[in-house]
Amino acid sequence: MKKNASWLNRFFMVLVFLFLYAPIFVLIVFSFNDSQSRTVWQGFTLRWYAELFRDRQIMSALSTTLLVSLLATLIATAAGTMAALGFFNMRKRWRGVCMTVNSIPMTNADIVTGVSLCLLFVAFFGGWEAFAGWCNGVQGLIRLPSRLHMGFGTLLIAHITFNIPYVILNVMPKLRQMDKNLIDAAQDLGCTWMQAFWKVVLPEIKPGIVSGALIAFTMSVDDFIISYFTAGSSASTLAMVVYGMTKRRISPKINAISSLLFITVLTLLIIVNVREARMEKQAARRRL
C-alpha cells in the first residue's frame, strides 16, 4: 500500500509540474522556430533573438527595467533593513502590529496597489500645481515647474514601495536568530553603536539582506500591473512593451523575450534557494 501511495504521489506531482511548466516549455521551444507559426516547427534558428536585440523599443524598455530594478533594489534594501531594525527594537505588541501592516502590501492585489499609487500621484501633482503657482507668484528668484507628470520617478517610487516589505520579511528572521548580547558585548569592548552595527549586526543579518535584495530585484523585473498604472506615458518597462506587442500580431520575438525573462527569474530564485539551504546547513553545524 505504501509503495502504491508513493507511486501515486509522484505521478500526481509530475502531472502538476507538467500542467504548470508545459506552456512555458512550448514557448521556449518555439522561440527557436524558423517560422512565425506558433504551431508548426520548421527548423532551428536564433533569428528572433538577434532581431530582439536589434529592436530599439525593446532595448530601451530593457534598460529602463534594469535601471528601475537596480535602483529600487538598492533603496528598498537599505530602507527595509533600517525598518527591520526598528521593528526588532520595538515592544513585542507594537512589533506584531507593524509586521501585520507590513504583510498587507504582499497579500494585497497588485491592481489595488497600482490604482492606489496612481491616485496618490495624481492628488500630489494637483497639490503641487497649486503650491508652485502660489510660490512663483510670491517670488521670482526660483521658478518651480507648475506641472508634474508620471514617468520614471513615479515608477521608481512605486517599485520601492512594494519591494520594502519583502526585504523586511527576509531580514527579521536573521535579527531574531542573532544573540542580543552581541551588541552589548561589542560596546563593552569599546565599539560605538555605529561600529557595533557595521562589525557585529551587519555580518549576522547579511544573508537575510542579500536574500531580500534578490527577491526585490526579481519582483521589480517581473512586475507589470503596478508599473502599468504608475509609469505614465514617458516610461515603459519590458513587461509593458510585451503587453503592447500582444495587442498587435504576435511576433516570435515575444517568445524570445518571455524565454529570457523566465530564465532570469528562475536563475535568481535558484540562487535564493541555494543560499537559504546553505545557511540552514551552516546553522545546523553551529548548533552541533
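How many salt bridges does the count come to? By the rule used here, a side-chain nitrogen of Lys or Arg within 4 Å of a carboxyl oxygen of Asp or Glu, the count comes to two salt bridges.

This is a predicted model, in which local features need pLDDT of at least 70, side-chain atom pairs count only at pLDDT 80 or more, and totals for chains, interfaces and linings use all residues. Residues are numbered from 1 along each chain as its sequence is written, and side-chain values use heavy atoms, with hydrogens and water left out.

**The salt bridges**

Side chains of opposite charge can pair when their charged atoms come close. Here are the two pairs.

| Pair | N to O distance |
|---|---|
| R47 and E51 | 3.9 Å |
| K253 and D55 | 2.9 Å |

The pair K253 and D55 links distant parts of the chain. K253 sits in helix α11 (residues 252-287), while D55 is in the loop between α2 and α3, 198 residues apart. Helices are DSSP runs of H or I with at least four residues, numbered from the N terminus. K253 has a relative accessible area of 15%, so K253 is buried. D55 is buried too, at 18%. Buried means under 20% relative accessible area, exposed over 50%, and partly exposed in between (1.4 Å probe, protein chains only).

R47 and E51 both lie in helix α2 (residues 47-54). They are four residues apart, about one turn of the helix. R47 is partly exposed because its relative accessibility is 34%. E51 is partly exposed at 24%.

H159 belongs to helix α6 (residues 152-177). Its relative accessible area is 1%, so H159 is buried. Which side chains does H159 meet in polar contacts? One is S220, at 3.3 Å. Another is S227, at 2.8 Å. A polar contact is a pair of N or O atoms within 3.5 Å; within protein, one must be able to donate a hydrogen and the other to accept it, and residues adjacent in sequence count only if both atoms are side-chain atoms.

Leaving aside neighbours within four places in sequence, H159 is in contact with V68, A72, S220, D223 and S227. Contact means heavy atoms within 4.5 Å.

L155 also lies in helix α6. L155 counts as buried because its relative accessibility is 0%. V68 is 87 residues away from L155 along the chain, yet their C-alpha atoms are separated by 7.6 Å. Not counting residues up to four places away in sequence, L155 touches T64, V68, S227, T230, A231 and T237.

**Nonpolar cores**

In soluble globular proteins, nonpolar side chains tend to be buried together. A nonpolar core is a set of buried Ala, Val, Leu, Ile, Met, Phe, Trp, Tyr and Cys residues joined through side-chain atoms within 4.5 Å. The largest one has 16 residues. Those with the most contacts inside this core include A84, I168 and V201. Helices α3 (56-88), α6 and α8 (193-222) each give two or more residues to this core. Setting aside neighbours within four places in sequence, A84 is in contact with I168, V171, M172 and L175. A second, separate core has eleven residues, among them L52, A61, V241 and A256.

V14 lies in helix α1 (residues 2-30). V14 counts as partly exposed because its relative accessibility is 44%.
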